[in-house]
Amino acid sequence: METKKRKFLAVLSSAVAVSMLLSTNVFAASSVSGTMGGASVYGSVGLGEDKASGQTTCGASGCTSYVKVEYHYKHGSVTNTWIVEKEAESNSFSASVTVLAEDVPARNVLAKGTHKTWNSNYSWIDYTQVKA
């Protein structure tokens, strides 16, 4: 029964993550998934208008989730690429973050995501990247 509940939570959180990305005008996205001690884990990163968003989700109780997004964009001069980053950590099953361009309008270049989740027995890390 516990395994079914974990799988359901993982699928539900993945659906929530995708809907969050889609509801924020995401132009491109990348995702990874895996398992950690039998629990489903998921990470995603997406590019939107003048921003990048990321999320890490763990389908088990007692997880700490972490996400870091590095957003590369251009503004003004074609030769200059600006990089901003933001990170979040949560003791709930999911952590999410949105990084905004400091100068707008921005021309998206790429977004990189670092996704980690852990509990007292296991850990998982993976990476995402999406280009404009």
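Biologist: A polar contact is a pair of N or O atoms within 3.5 Å; within protein, one must be able to donate a hydrogen and the other to accept it, and residues adjacent in sequence count only if both atoms are side-chain atoms. With which side chain does the side chain of T56 make such a contact?

Modeller: This is a predicted model, in which local features need pLDDT of at least 70 and side-chain atom pairs pLDDT 80 or more, whereas totals for chains, interfaces and linings use all residues. Residues are numbered from 1 along each chain as its sequence is written, and side-chain values use heavy atoms, without hydrogens or water. T56 belongs to strand 3, residues 51-58 (strands are DSSP runs of E, at least two residues, numbered from the N terminus). At 2.9 Å, the partner of the T56 side chain is the side chain of H115.

Biologist: Which backbone oxygen does the side chain of T56 reach?

Modeller: T56 is buried, with a relative accessible area of 0% (buried means under 20%, with a 1.4 Å probe and protein chains only). At a distance of 2.8 Å, its side chain reaches the backbone oxygen of Y66.

Biologist: Which residue lies over the face of Y66?

Modeller: A charge sits over a ring if NZ of Lys or CZ of Arg is within 6 Å of the ring centre and within 35 degrees of the ring normal. At 5.1 Å from the ring centre of Y66, the residue is K116.

Biologist: To which residue does a disulfide join C58?

Modeller: A search of the whole structure finds 1 disulfide (a pair of cysteine sulfur atoms within 2.5 Å). Both of its cysteines, C58 and C63, are buried. With an S to S distance of 2.1 Å, the partner of C58 is C63.

Biologist: How far apart in space are A28 and A52, C-alpha to C-alpha?

Modeller: A28 lies in strand 1, residues 26-36. A28 and A52 are 24 residues apart in sequence. Their C-alpha to C-alpha distance is 9.6 Å.

Definitions and conventions: Helix = DSSP H or I, 4+ residues; strand = E, 2+ residues; numbered from the N terminus. Buried < 20%, exposed > 50% of the residue type's maximum accessible area, 1.4 Å probe, protein only.
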